[in-house]
Amino acid sequence: MHRAEFYNETSRTLEPLLKYTYGHPDTDVLFLPNFAVVSSIRHGRPANVELQWYHDDPIEEILTNTSDILFGQYEFFFLWAHVVTLREIKPGEELLMDLGDAFEANRDVLQERAAPKDFFPDDWLKKEKRWLLASEMPMFATPKLEPGQVSPLTLADGETKLSGSLHRVGLPDTLADSMESFAEDIGLLAYLKRYVFDKPLPVDTSERVRFNNATWWTKRFDSVWASNMHYITTDDDKSNEQMFKALKRGGFDTVLAGIGQHFNLSKLTCYYPSYIVVNHCVRAHVHSDSDFPQAFNFIFPIVQVPNNSEPELILAADDGLSSYTPYRYERDAGVLLGKDGMHGTSPTDYRNDGGVRIVVSVYLGDFSDESVARGVVEDWHDPPYPNYHPGQLHHALTQRIHWSKDDPTASIGNPQLPRGEFSLLKP
(Lines give C-alpha, C1' and ligand atoms only; values in the text may rest on other atoms or scores of the structure.)
Protein backbone atom coordinates (compact mmCIF):
# COMPACT_ATOMS: atom_id res chain seq x y z
CA MET A 1 0.00 0.00 0.00
CA HIS A 2 1.09 3.60 -0.51
CA ARG A 3 2.09 5.52 2.60
CA ALA A 4 -0.21 8.39 1.63
CA GLU A 5 -3.24 6.13 2.17
CA PHE A 6 -2.55 6.30 5.91
CA TYR A 7 -1.75 10.03 6.08
CA ASN A 8 -4.93 11.45 4.63
CA GLU A 9 -6.57 14.54 6.08
CA THR A 10 -9.83 13.83 4.29
CA SER A 11 -10.31 10.23 5.46
CA ARG A 12 -8.54 8.84 8.50
CA THR A 13 -10.07 5.37 8.40
CA LEU A 14 -6.73 3.67 7.67
CA GLU A 15 -4.60 5.50 10.21
CA PRO A 16 -5.14 2.97 13.05
CA LEU A 17 -3.61 0.29 10.79
CA LEU A 18 -0.40 2.28 10.35
CA LYS A 19 1.28 0.76 13.42
CA TYR A 20 0.91 -2.69 11.87
CA THR A 21 2.61 -1.85 8.57
CA TYR A 22 6.28 -2.34 7.64
CA GLY A 23 8.13 0.38 5.78
CA HIS A 24 11.41 2.12 5.04
CA PRO A 25 12.14 5.89 5.08
CA ASP A 26 13.32 5.81 1.46
CA THR A 27 10.14 4.41 -0.09
CA ASP A 28 6.44 5.18 0.05
CA VAL A 29 5.42 1.52 -0.22
CA LEU A 30 4.19 -0.12 2.99
CA PHE A 31 3.55 -3.80 3.63
CA LEU A 32 0.57 -4.74 5.80
CA PRO A 33 0.62 -8.36 7.12
CA ASN A 34 -2.74 -10.00 6.65
CA PHE A 35 -2.37 -12.23 9.70
CA ALA A 36 -3.30 -11.29 13.25
CA VAL A 37 -0.40 -13.14 14.88
CA VAL A 38 2.19 -11.03 13.06
CA SER A 39 0.38 -7.81 13.91
CA SER A 40 0.20 -8.74 17.60
CA ILE A 41 3.98 -9.21 18.00
CA ARG A 42 5.31 -6.34 20.05
CA HIS A 43 8.55 -4.40 19.76
CA GLY A 44 11.36 -5.52 21.99
CA ARG A 45 15.14 -5.82 22.23
CA PRO A 46 16.76 -8.23 22.05
CA ALA A 47 14.31 -9.66 19.51
CA ASN A 48 13.68 -13.38 19.34
CA VAL A 49 11.80 -13.43 15.96
CA GLU A 50 11.94 -11.56 12.68
CA LEU A 51 9.92 -11.28 9.49
CA GLN A 52 11.30 -12.90 6.33
CA TRP A 53 10.03 -13.43 2.80
CA TYR A 54 8.63 -16.88 2.11
CA HIS A 55 9.54 -17.28 -1.55
CA ASP A 56 12.03 -19.45 -3.45
CA ASP A 57 12.80 -16.74 -6.03
CA PRO A 58 14.67 -13.54 -5.08
CA ILE A 59 12.27 -10.89 -3.84
CA GLU A 60 13.66 -8.42 -6.40
CA GLU A 61 12.46 -10.68 -9.21
CA ILE A 62 9.08 -11.34 -7.61
CA LEU A 63 8.33 -7.68 -7.01
CA THR A 64 9.55 -6.65 -10.46
CA ASN A 65 7.33 -9.24 -12.11
CA THR A 66 4.29 -8.19 -10.09
CA SER A 67 4.88 -4.43 -10.17
CA ASP A 68 2.32 -3.90 -12.94
CA ILE A 69 -0.29 -5.37 -10.61
CA LEU A 70 1.03 -3.62 -7.54
CA PHE A 71 0.86 -0.17 -9.10
CA GLY A 72 -1.69 -0.71 -11.82
CA GLN A 73 -5.01 -2.46 -11.43
CA TYR A 74 -5.12 -3.11 -7.69
CA GLU A 75 -4.59 -1.10 -4.52
CA PHE A 76 -3.72 -4.29 -2.59
CA PHE A 77 -1.55 -7.23 -3.59
CA PHE A 78 -0.65 -10.32 -1.52
CA LEU A 79 2.88 -11.62 -0.98
CA TRP A 80 3.96 -14.35 1.41
CA ALA A 81 6.20 -13.83 4.44
CA HIS A 82 6.77 -15.80 7.62
CA VAL A 83 7.93 -15.23 11.18
CA VAL A 84 11.32 -16.87 11.83
CA THR A 85 12.75 -17.54 15.29
CA LEU A 86 16.22 -16.15 15.97
CA ARG A 87 16.88 -18.49 18.90
CA GLU A 88 15.17 -21.17 20.90
CA ILE A 89 12.00 -19.85 22.51
CA LYS A 90 10.76 -21.31 25.75
CA PRO A 91 7.09 -22.21 26.37
CA GLY A 92 5.20 -19.14 27.56
CA GLU A 93 7.92 -16.72 26.42
CA GLU A 94 6.64 -13.62 24.61
CA LEU A 95 7.56 -13.18 20.99
CA LEU A 96 9.45 -9.91 20.40
CA MET A 97 10.43 -8.27 17.13
CA ASP A 98 12.85 -5.37 16.57
CA LEU A 99 10.64 -2.75 14.93
CA GLY A 100 13.31 -0.09 14.60
CA ASP A 101 14.85 2.84 16.44
CA ALA A 102 11.72 5.00 16.12
CA PHE A 103 9.66 2.40 17.98
CA GLU A 104 12.41 2.08 20.57
CA ALA A 105 12.44 5.85 21.14
CA ASN A 106 8.68 6.37 21.36
CA ARG A 107 6.25 3.46 21.36
CA ASP A 108 3.20 5.64 21.93
CA VAL A 109 3.40 7.48 18.59
CA LEU A 110 1.27 6.20 15.71
CA GLN A 111 3.94 5.06 13.25
CA GLU A 112 4.92 2.28 10.88
CA ARG A 113 7.28 -0.53 11.82
CA ALA A 114 10.79 -0.68 10.41
CA ALA A 115 11.07 -3.48 7.86
CA PRO A 116 13.92 -5.98 8.34
CA LYS A 117 17.17 -5.42 6.49
CA ASP A 118 16.98 -6.35 2.77
CA PHE A 119 13.17 -6.54 2.95
CA PHE A 120 12.88 -3.97 0.15
CA PRO A 121 14.75 -4.27 -3.18
CA ASP A 122 17.35 -1.57 -3.72
CA ASP A 123 15.42 -0.01 -6.60
CA TRP A 124 12.43 0.49 -4.34
CA LEU A 125 14.53 2.64 -2.03
CA LYS A 126 15.23 5.29 -4.65
CA LYS A 127 12.39 7.76 -4.51
CA GLU A 128 13.29 9.32 -7.83
CA LYS A 129 12.39 5.99 -9.46
CA ARG A 130 9.04 5.44 -7.77
CA TRP A 131 7.10 6.51 -10.85
CA LEU A 132 9.00 4.03 -12.97
CA LEU A 133 8.46 0.96 -10.80
CA ALA A 134 5.50 -0.43 -12.69
CA SER A 135 6.86 0.20 -16.17
CA GLU A 136 8.27 3.00 -18.25
CA MET A 137 5.30 5.34 -18.07
CA PRO A 138 4.58 7.49 -21.11
CA MET A 139 5.95 11.02 -20.85
CA PHE A 140 5.21 14.22 -22.72
CA ALA A 141 7.17 16.01 -25.37
CA THR A 142 7.96 19.50 -23.99
CA PRO A 143 9.75 21.48 -26.70
CA LYS A 144 10.50 25.12 -26.05
CA LEU A 145 7.59 27.38 -27.02
CA GLU A 146 7.64 31.07 -27.85
CA PRO A 147 5.46 33.29 -25.63
CA GLY A 148 1.86 32.86 -26.78
CA GLN A 149 2.64 29.84 -28.95
CA VAL A 150 0.00 27.12 -28.56
CA SER A 151 0.80 23.45 -29.12
CA PRO A 152 -1.28 20.29 -28.50
CA LEU A 153 0.09 18.11 -25.73
CA THR A 154 1.67 15.03 -27.26
CA LEU A 155 3.59 12.12 -25.83
CA ALA A 156 7.35 11.89 -26.17
CA ASP A 157 7.01 10.32 -29.62
CA GLY A 158 5.80 13.72 -30.81
CA GLU A 159 2.72 12.22 -32.47
CA THR A 160 0.35 10.64 -29.94
CA LYS A 161 -2.15 13.22 -28.73
CA LEU A 162 -4.34 12.95 -25.66
CA SER A 163 -8.09 12.77 -25.46
CA GLY A 164 -9.94 16.04 -25.03
CA SER A 165 -8.56 19.52 -25.51
CA LEU A 166 -5.14 19.67 -23.82
CA HIS A 167 -2.50 22.18 -24.94
CA ARG A 168 0.73 23.82 -23.83
CA VAL A 169 1.10 27.59 -24.20
CA GLY A 170 4.42 29.41 -24.08
CA LEU A 171 4.71 31.98 -21.26
CA PRO A 172 6.47 35.34 -21.20
CA ASP A 173 9.54 35.17 -18.96
CA THR A 174 7.95 37.72 -16.62
CA LEU A 175 4.56 36.07 -16.01
CA ALA A 176 5.27 33.59 -13.21
CA ASP A 177 7.53 36.11 -11.42
CA SER A 178 4.88 38.81 -11.69
CA MET A 179 2.18 36.66 -10.12
CA GLU A 180 4.48 35.39 -7.38
CA SER A 181 5.65 38.94 -6.53
CA PHE A 182 2.08 40.25 -6.48
CA ALA A 183 0.98 37.52 -4.06
CA GLU A 184 4.01 38.11 -1.86
CA ASP A 185 3.68 41.89 -1.82
CA ILE A 186 0.07 41.90 -0.58
CA GLY A 187 0.67 39.12 1.98
CA LEU A 188 -1.33 36.48 0.14
CA LEU A 189 1.60 34.12 -0.48
CA ALA A 190 2.37 33.60 3.21
CA TYR A 191 -1.33 33.15 3.91
CA LEU A 192 -1.59 30.45 1.25
CA LYS A 193 1.26 28.48 2.81
CA ARG A 194 -0.41 28.74 6.20
CA TYR A 195 -3.38 26.77 4.86
CA VAL A 196 -1.29 23.65 4.23
CA PHE A 197 1.20 23.95 7.09
CA ASP A 198 -0.45 25.53 10.12
CA LYS A 199 -4.16 26.25 9.82
CA PRO A 200 -5.95 24.24 7.13
CA LEU A 201 -9.65 24.82 6.71
CA PRO A 202 -11.99 21.91 7.38
CA VAL A 203 -12.81 19.95 4.24
CA ASP A 204 -15.33 21.68 1.95
CA THR A 205 -15.45 24.94 3.93
CA SER A 206 -14.57 28.51 3.01
CA GLU A 207 -13.63 31.86 4.50
CA ARG A 208 -13.13 35.47 3.41
CA VAL A 209 -9.90 37.39 3.99
CA ARG A 210 -8.74 40.93 3.25
CA PHE A 211 -5.54 41.89 1.45
CA ASN A 212 -4.56 45.27 0.05
CA ASN A 213 -7.98 46.78 0.83
CA ALA A 214 -9.73 44.07 -1.19
CA THR A 215 -11.67 40.90 -0.38
CA TRP A 216 -10.58 37.37 -1.30
CA TRP A 217 -12.41 34.08 -0.88
CA THR A 218 -10.69 30.83 0.13
CA LYS A 219 -12.07 27.31 -0.09
CA ARG A 220 -10.72 23.90 0.93
CA PHE A 221 -11.59 21.33 -1.73
CA ASP A 222 -14.10 18.67 -0.72
CA SER A 223 -13.20 15.09 0.22
CA VAL A 224 -13.37 13.68 -3.32
CA TRP A 225 -10.10 15.50 -4.01
CA ALA A 226 -8.34 13.52 -1.23
CA SER A 227 -5.87 16.32 -0.58
CA ASN A 228 -5.17 19.40 1.53
CA MET A 229 -5.60 21.61 -1.54
CA HIS A 230 -7.02 25.12 -1.04
CA TYR A 231 -7.69 27.87 -3.53
CA ILE A 232 -8.04 31.60 -3.00
CA THR A 233 -9.83 33.74 -5.55
CA THR A 234 -11.05 37.29 -6.00
CA ASP A 235 -14.23 38.20 -4.13
CA ASP A 236 -14.89 41.76 -5.26
CA ASP A 237 -14.07 44.11 -8.11
CA LYS A 238 -11.02 45.50 -6.33
CA SER A 239 -9.25 42.18 -5.85
CA ASN A 240 -10.27 41.06 -9.34
CA GLU A 241 -8.81 44.17 -10.96
CA GLN A 242 -5.64 43.95 -8.88
CA MET A 243 -5.01 40.37 -9.98
CA PHE A 244 -5.79 41.15 -13.62
CA LYS A 245 -3.33 44.05 -13.57
CA ALA A 246 -0.67 41.73 -12.15
CA LEU A 247 -1.36 39.36 -15.05
CA LYS A 248 -1.05 42.33 -17.42
CA ARG A 249 2.34 43.28 -15.96
CA GLY A 250 3.52 39.73 -16.49
CA GLY A 251 2.58 39.73 -20.18
CA PHE A 252 -0.65 37.72 -20.05
CA ASP A 253 -2.03 39.63 -23.04
CA THR A 254 0.47 37.71 -25.19
CA VAL A 255 -0.98 34.44 -23.89
CA LEU A 256 -4.54 35.55 -24.64
CA ALA A 257 -3.63 36.63 -28.16
CA GLY A 258 -1.96 33.30 -28.84
CA ILE A 259 -4.97 31.33 -27.61
CA GLY A 260 -7.49 33.47 -29.44
CA GLN A 261 -5.61 33.24 -32.73
CA HIS A 262 -4.85 29.52 -32.45
CA PHE A 263 -8.51 28.60 -31.93
CA ASN A 264 -9.80 31.28 -34.31
CA LEU A 265 -11.93 32.90 -31.63
CA SER A 266 -13.60 36.32 -31.83
CA LYS A 267 -12.80 37.51 -28.33
CA LEU A 268 -11.78 36.25 -24.91
CA THR A 269 -13.04 37.03 -21.42
CA CYS A 270 -11.12 36.03 -18.28
CA TYR A 271 -12.86 35.20 -15.02
CA TYR A 272 -12.35 33.25 -11.80
CA PRO A 273 -8.60 33.97 -11.37
CA SER A 274 -7.17 32.10 -8.40
CA TYR A 275 -4.12 30.75 -6.63
CA ILE A 276 -4.15 27.03 -5.72
CA VAL A 277 -1.90 25.58 -3.02
CA VAL A 278 -1.20 21.94 -2.11
CA ASN A 279 1.51 19.82 -0.53
CA HIS A 280 -0.33 16.53 0.01
CA CYS A 281 -2.61 14.57 -2.30
CA VAL A 282 -3.52 10.91 -1.87
CA ARG A 283 -4.96 10.18 -5.30
CA ALA A 284 -5.74 12.05 -8.49
CA HIS A 285 -9.34 13.17 -8.90
CA VAL A 286 -9.41 13.16 -12.69
CA HIS A 287 -12.02 15.51 -14.15
CA SER A 288 -12.67 18.12 -16.83
CA ASP A 289 -13.17 21.85 -16.26
CA SER A 290 -15.02 22.63 -19.49
CA ASP A 291 -17.97 21.29 -21.46
CA PHE A 292 -17.54 23.78 -24.30
CA PRO A 293 -14.86 24.00 -27.01
CA GLN A 294 -14.71 27.80 -26.55
CA ALA A 295 -14.05 27.69 -22.77
CA PHE A 296 -10.81 26.82 -20.97
CA ASN A 297 -8.91 26.73 -17.70
CA PHE A 298 -5.32 27.96 -17.97
CA ILE A 299 -2.84 26.88 -15.27
CA PHE A 300 0.81 27.75 -14.68
CA PRO A 301 3.12 27.36 -11.64
CA ILE A 302 4.63 30.09 -9.48
CA VAL A 303 6.06 27.96 -6.63
CA GLN A 304 7.39 24.42 -7.03
CA VAL A 305 9.43 22.10 -4.83
CA PRO A 306 13.09 22.57 -5.84
CA ASN A 307 15.20 19.60 -6.91
CA ASN A 308 12.09 17.45 -7.25
CA SER A 309 11.31 15.60 -10.45
CA GLU A 310 8.06 13.93 -9.44
CA PRO A 311 4.91 14.52 -11.51
CA GLU A 312 2.57 17.27 -10.36
CA LEU A 313 -0.39 16.72 -12.66
CA ILE A 314 -2.06 13.66 -14.15
CA LEU A 315 -3.49 14.01 -17.66
CA ALA A 316 -5.77 11.44 -19.24
CA ALA A 317 -4.28 9.54 -22.17
CA ASP A 318 -6.25 7.87 -24.93
CA ASP A 319 -5.36 5.97 -28.12
CA GLY A 320 -5.19 2.62 -26.41
CA LEU A 321 -3.04 3.71 -23.48
CA SER A 322 -4.20 2.05 -20.29
CA SER A 323 -2.84 4.53 -17.77
CA TYR A 324 -2.89 8.22 -17.03
CA THR A 325 0.14 10.22 -18.07
CA PRO A 326 2.17 12.21 -15.51
CA TYR A 327 3.17 15.80 -16.19
CA ARG A 328 5.39 18.24 -14.33
CA TYR A 329 4.54 21.93 -14.55
CA GLU A 330 6.91 24.10 -16.56
CA ARG A 331 8.00 27.59 -15.55
CA ASP A 332 7.94 28.76 -19.18
CA ALA A 333 4.76 27.03 -20.39
CA GLY A 334 1.21 26.81 -19.06
CA VAL A 335 -1.38 24.07 -19.51
CA LEU A 336 -4.59 24.97 -21.34
CA LEU A 337 -7.41 22.62 -20.34
CA GLY A 338 -10.37 22.74 -22.71
CA LYS A 339 -13.44 20.64 -23.44
CA ASP A 340 -13.05 17.14 -21.98
CA GLY A 341 -9.43 17.90 -21.04
CA MET A 342 -9.17 15.29 -18.31
CA HIS A 343 -6.70 16.08 -15.52
CA GLY A 344 -6.08 15.77 -11.79
CA THR A 345 -3.52 16.63 -9.12
CA SER A 346 -0.86 13.95 -8.96
CA PRO A 347 -0.47 12.00 -5.69
CA THR A 348 2.23 13.76 -3.73
CA ASP A 349 3.44 14.43 -0.20
CA TYR A 350 5.82 17.34 0.51
CA ARG A 351 4.88 17.78 4.17
CA ASN A 352 7.95 16.21 5.76
CA ASP A 353 10.23 18.24 3.47
CA GLY A 354 8.44 21.55 4.08
CA GLY A 355 7.65 21.86 0.38
CA VAL A 356 4.62 23.41 -1.26
CA ARG A 357 3.26 23.85 -4.78
CA ILE A 358 1.31 26.95 -5.84
CA VAL A 359 -0.20 27.50 -9.27
CA VAL A 360 -2.26 30.26 -10.86
CA SER A 361 -5.51 29.30 -12.55
CA VAL A 362 -7.43 31.60 -14.91
CA TYR A 363 -10.68 30.58 -16.58
CA LEU A 364 -11.28 32.14 -19.98
CA GLY A 365 -13.47 31.74 -23.03
CA ASP A 366 -15.23 33.21 -26.03
CA PHE A 367 -18.81 33.82 -24.93
CA SER A 368 -20.07 35.32 -28.18
CA ASP A 369 -22.33 32.28 -28.42
CA GLU A 370 -25.17 32.91 -25.98
CA SER A 371 -25.59 29.17 -25.33
CA VAL A 372 -22.00 28.97 -24.04
CA ALA A 373 -22.47 31.91 -21.70
CA ARG A 374 -25.76 30.50 -20.44
CA GLY A 375 -24.20 27.06 -19.98
CA VAL A 376 -21.41 28.44 -17.78
CA VAL A 377 -23.90 30.47 -15.72
CA GLU A 378 -26.18 27.48 -15.20
CA ASP A 379 -23.29 25.24 -14.08
CA TRP A 380 -21.80 27.84 -11.72
CA HIS A 381 -21.54 26.72 -8.09
CA ASP A 382 -18.76 28.73 -6.47
CA PRO A 383 -16.98 31.01 -5.84
CA PRO A 384 -19.62 33.66 -5.10
CA TYR A 385 -17.94 36.43 -7.15
CA PRO A 386 -19.02 37.61 -9.66
CA ASN A 387 -22.37 35.88 -9.29
CA TYR A 388 -23.93 37.58 -6.28
CA HIS A 389 -27.07 38.52 -8.19
CA PRO A 390 -28.80 36.98 -11.23
CA GLY A 391 -27.28 38.39 -14.39
CA GLN A 392 -23.97 39.57 -12.94
CA LEU A 393 -21.95 36.55 -14.04
CA HIS A 394 -23.55 36.63 -17.48
CA HIS A 395 -22.73 40.33 -17.73
CA ALA A 396 -19.11 39.71 -16.74
CA LEU A 397 -18.69 36.92 -19.29
CA THR A 398 -20.20 38.82 -22.20
CA GLN A 399 -19.18 42.43 -21.50
CA ARG A 400 -15.70 42.27 -19.97
CA ILE A 401 -13.56 41.67 -23.05
CA HIS A 402 -9.85 41.07 -22.46
CA TRP A 403 -8.79 40.15 -26.02
CA SER A 404 -10.51 40.78 -29.32
CA LYS A 405 -9.42 40.06 -32.87
CA ASP A 406 -11.16 43.30 -33.92
CA ASP A 407 -10.01 45.56 -31.09
CA PRO A 408 -6.25 45.81 -30.47
CA THR A 409 -6.85 47.93 -27.35
CA ALA A 410 -8.60 45.07 -25.49
CA SER A 411 -6.43 43.94 -22.58
CA ILE A 412 -6.71 42.09 -19.31
CA GLY A 413 -5.29 45.21 -17.66
CA ASN A 414 -8.01 47.58 -18.86
CA PRO A 415 -10.33 49.05 -16.23
CA GLN A 416 -13.16 46.60 -15.77
CA LEU A 417 -15.76 49.20 -14.94
CA PRO A 418 -16.04 51.47 -18.00
CA ARG A 419 -18.58 54.27 -17.95
CA GLY A 420 -22.11 52.92 -17.96
CA GLU A 421 -21.27 49.45 -16.60
CA PHE A 422 -22.82 48.58 -13.27
CA SER A 423 -20.48 47.48 -10.50
CA LEU A 424 -20.18 43.81 -9.63
CA LEU A 425 -19.14 44.62 -6.08
CA LYS A 426 -20.89 42.38 -3.62
CA PRO A 427 -23.69 44.15 -1.72
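Reader: Let us start with one side chain. Is Glu370 buried, partly exposed or exposed?

Author: This is a predicted model. In it, Glu370 counts as partly exposed, at 36% relative accessibility. Its side chain meets that of Arg374 in a salt bridge, 2.6 Å from N to O. Arg374 is partly exposed too, with a relative accessibility of 41%. Both residues sit in helix H8. They are four residues apart there, so about one helical turn separates them.

Salt bridges can also link into a network. Arg45, Asp98 and Asp101 are joined this way, through bridges that share partners.

Asp382 and Lys219 form a salt bridge at 2.7 Å, N to O. Asp382 lies in the loop between helix H8 (370-379) and helix H9 (392-399), and Lys219 lies in strand E10, so the bridge ties together parts 163 residues apart in sequence. Asp382 is partly exposed at 26%. Lys219 is buried, because its relative accessible area is 15% and the cut-off for buried is under 20%.

Another pair is Asp332 and Lys144. Their closest N and O atoms are 3.2 Å apart, and they form a salt bridge. Asp332 is in the loop between strands E16 and E17, while Lys144 is in the loop between strands E6 and E7, so this pair connects parts 188 residues apart in sequence. Asp332 is partly exposed, at 29% relative accessibility. Lys144 is exposed, at 56%.

The count for the model comes to 19 salt bridges.

Definitions and conventions: Residues numbered from 1 in each chain as written. Predicted model: local features only at pLDDT ≥ 70, side-chain atom pairs only at ≥ 80, totals over all residues. Heavy atoms only, no water. Salt bridge = Lys/Arg side-chain N within 4 Å of Asp/Glu carboxyl O. Helix = DSSP H or I, 4+ residues; strand = E, 2+ residues; numbered from the N terminus. Buried < 20%, exposed > 50% of the residue type's maximum accessible area, 1.4 Å probe, protein only.
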